[in-house]
Amino acid sequence: MNYQGKKITLHDMCLRDGMHPKRHQISLDEMVDIATGLDDAGVPLIEVTHGDGLGGTSVNYGFPAHTDKEYLSTVIPRMKRAKVSALLLPGIGTVDHLKMAADLGVNTIRVATHCTEADVSEQHIGMASDMGLDTVGFLMMAHMISAEQLLQQALLMESYGANCIYCTDSAGYMLPHQVTERIQLLRSRLKPETELGFHGHHNLGLGVANSMAAVEAGANRIDGSAAGLGAGAGNTPLEVFAAVLDRLEADTGVDIFKLMAVAEEKVVPLMDELVRVDRDSLTLGYAGVYSSFLLFAKRAGEKYGVPSQDILLEMAKRKAIGGQEDLIEDVAMEMAGSR
Amino acid sequence: MSKKFKAAIIGPGNIGTDLLMKAMRSDWIEPVWMVGIEESEGIKRARDFGMKVSTNGVDGMVPHMKEDEIDFVFDATSAYVHAENSRKVNEQGAIMIDLTPAAIGPYCIPPVNLQDLLKEGRTPNVNMVTCGGQATIPMVNAVSRVQAVEYGEIVATVSSKSVGPGTRKNIDEFTRTTAGAIEQIGGADKGKAIIIVNPAEPPLIMRDTIHCLTKDEPNQERITESVLEMVKQVQKYVPGYTLKNGPVFDGNRVTIFMEVEGLGDFLPKYSGNLDIMTAAALRTAEMYAESIHNGDIA
């Protein structure tokens, strides 16, 4: 495919998905420092919320250093060119959170459901769309169903008013041909004006390759994260993907050296532990486990004396989906008891 | 006892039918009417069980309620039509047990606040909160009756097959109503509810995790005892209400892991979330019936 001049919207995740490895403890100053750096580098869209989206603050997912309201109201006024997006998972957050984010000037609302449960998003997508927001339907764990099944769910979200649909590889499990198959089918059957996006995790080291497959199959929005800061082995490292696109002469509007500097000088120093492919994060990608289970499995593993890798494999066996962090301690206790 | 209290069910769908099957075994309640809005499988089933049926909504039953001595009406339809249904059956002197999220009457979680409701006397309408509320609020209360709970949070994981279109269209109603009842009935200062809909096959049995943050250091012994006692209370009407793990104590966090398997009357066993609603609704009617029978309530 010829990338020359092709417009691709890069969407940074480090201040939302990156909240997972940071246990939702990024400070307001750190948020502003990174967001202004990304803005200056020309990244057009930046996601900011609790790692589990608006209203994610909880015992189950972790209490953040600051509320969504504090994060959004601090970051948004500082943006010169970049727009800010917020994630919302129905069942966790509600339309009240959505209205709050809209009032604070969020440009984009991404309504996320498990890939088979799009119909829980009707009221949220409908409202965001009615408010004139850039409204994204975000189908998580998209590896768990076929391309045809994914299409049916995408059509529902499109019918509720989403102007962009994401194929979301929450487990970092997909291989490039699986991305191609899904995006191609979505492209051929959704409205031509509906944008398509891909959200990858780097658990199999395929974030960049999968993102390229998505673009080549018709996606024009790609999620990544500066220095890869995100759940599991992180998201597609944004500066790496931007550099690849630059080589291919695609049009992202991003200054890759400025972006590299943000990743190197602002994001990497923030990491509590290096976000990388290791035994546990590779297990996520290999077995198809929701990436943000990683730290929960490590903690439960330590507490109950069960290898975290075994916990993650058991979560895969039980077909756990996004949001079931509570099952991890339960599983660890059961596994410890049966030893 | 000499005579059972007669009841009607509005909504001949899966929940209404499951409730009917449970009510047919009751010592206190005798189901007499099944109310639908058209001919349907559910109406046919009810007829086969010997029920009188209306295919013309509540209006088709109302003229017969006095003569048939209907004391209780269960509404298993939707919040949109509930208020009207309730008004009509109240006019005929029946108590409405509301299984919809309308919540125009007081919340009722049987082992937690039904005795208090009964002390207040006859009520026109009681609301059964949500499935997640029925499954978790007894546990929040089991902790809060021992010591102050600053924050109560529940995570209900239910099988995709057990979540109907009404709940899906307004999933916020679940989170809001449940969170409100965690505070009001559960006794937590602040409540939060999360629902996860999992499509796994075979369908998973309803799971519930209850997290409480106590104000002071948790009294482990007393909380554990209280939780075990509360589990027994719920098991009286939902035998498949099972403590899987916990209570786990971690600082001031108390976490309880539950599984709720249904009886499998009409609904499949995995949908404990629906079973606990029908069982709690029937239990509520039975307790009112017993109080009326004993003369505690006029």
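Which domains does the domain assignment of chain B give? There are two: domain 1 (5-128 + 276-293) and domain 2 (131-269). Keep in mind that this is a predicted model.

## The two domains of chain B

The C-alpha centres of domain 1 and domain 2 of chain B sit 25 Å apart. Where they meet, domain 1 of chain B puts in 20 residues and domain 2 of chain B puts in 22.

Looking at the domain 1 side of that contact in chain B, α1 (14-23), α5 (110-119) and α10 (272-293) each bring at least two residues.

## A parallel sheet in chain B

Chain B has an open sheet of 6 strands, and if you walk across it you meet them in the order β3-β2-β1-β4-β5-β6, with parallel pairing. The edges belong to β3 (52-54) and β6 (125-127) of chain B; each has a single partner strand, so one side of each has no neighbour in the sheet. From one strand to the next, the twist averages 25 degrees.

As a general point, strands of a sheet pair through backbone hydrogen bonds, either parallel or antiparallel. Here, β1 (residues 5-10) and β2 (residues 29-35) of chain B pair in the parallel sense over 6 bridges. To find your way around, look for K6(B), which stands opposite E30(B) in β2(B). Helix α4 (residues 79-91) of chain B packs on the sheet, where it touches β1, β4 (70-75), β5 (95-98) and β6 of chain B. The direction of this helix makes about 155 degrees with that of β5(B).

## Where chain B meets chain A

How many residues of chain B are in contact with chain A? The count is 28 residues of chain B against 24 residues of chain A. Several elements of chain B each supply at least two residues to this side, among them β7 (149-159), α8 (171-184), β9 (206-214) and β10 (241-250). The largest share, 6 residues, comes from β8(B). Sorted by class, the side of chain B that touches chain A holds 11 nonpolar, 9 polar and 8 charged residues.

## The two domains of chain A

Chain A is divided too, into domain 1 (9-270) and domain 2 (292-337). Their centres, taken over C-alpha atoms, are separated by 25 Å. The contact between them draws 15 residues from domain 1 of chain A and 8 residues from domain 2 of chain A. On the domain 1 side of chain A, those residues are 7 nonpolar, 7 polar and 1 charged.

Is F293(A) buried or exposed? F293(A) counts as buried because 28 C-beta neighbours lie inside 10 Å. You'll find F293(A) in helix α11 (residues 293-304) of chain A. Leaving out residues up to four places away in sequence, F293(A) touches L312(A), M315(A), E325(A) and I328(A). As for L186(A), 107 residues away from F293(A) in sequence, the C-alpha to C-alpha distance is 28 Å.

L104(A) sits in the loop between α3 (95-103) and β4 (108-114) of chain A. With 19 C-beta neighbours inside 10 Å, L104(A) counts as partly exposed. Setting aside residues up to four places away in sequence, L104(A) touches K69(A), L72(A), S73(A) and I76(A). The C-alpha atoms of L104(A) and E70(A) are 9.8 Å apart, with the two residues 34 apart along the chain.

Notes
Residues numbered from 1 in each chain as written. Chains lettered and ligands numbered in written order. Predicted model: local features only at pLDDT ≥ 70, side-chain atom pairs only at ≥ 80, totals over all residues. Contact = placed C-beta atoms within 7 Å. Helix = DSSP H or I, 4+ residues; strand = E, 2+ residues; numbered from the N terminus. Nonpolar A, V, L, I, M, F, W, Y, C, P; charged D, E, K, R; others polar. Buried ≥ 20, exposed ≤ 12 C-beta atoms within 10 Å, placed from the backbone. Domains from an automatic or database assignment. Pairing = 2+ DSSP bridges. Axes fitted to C-alpha atoms, helices over the stretch in contact; angles between N-to-C directions.
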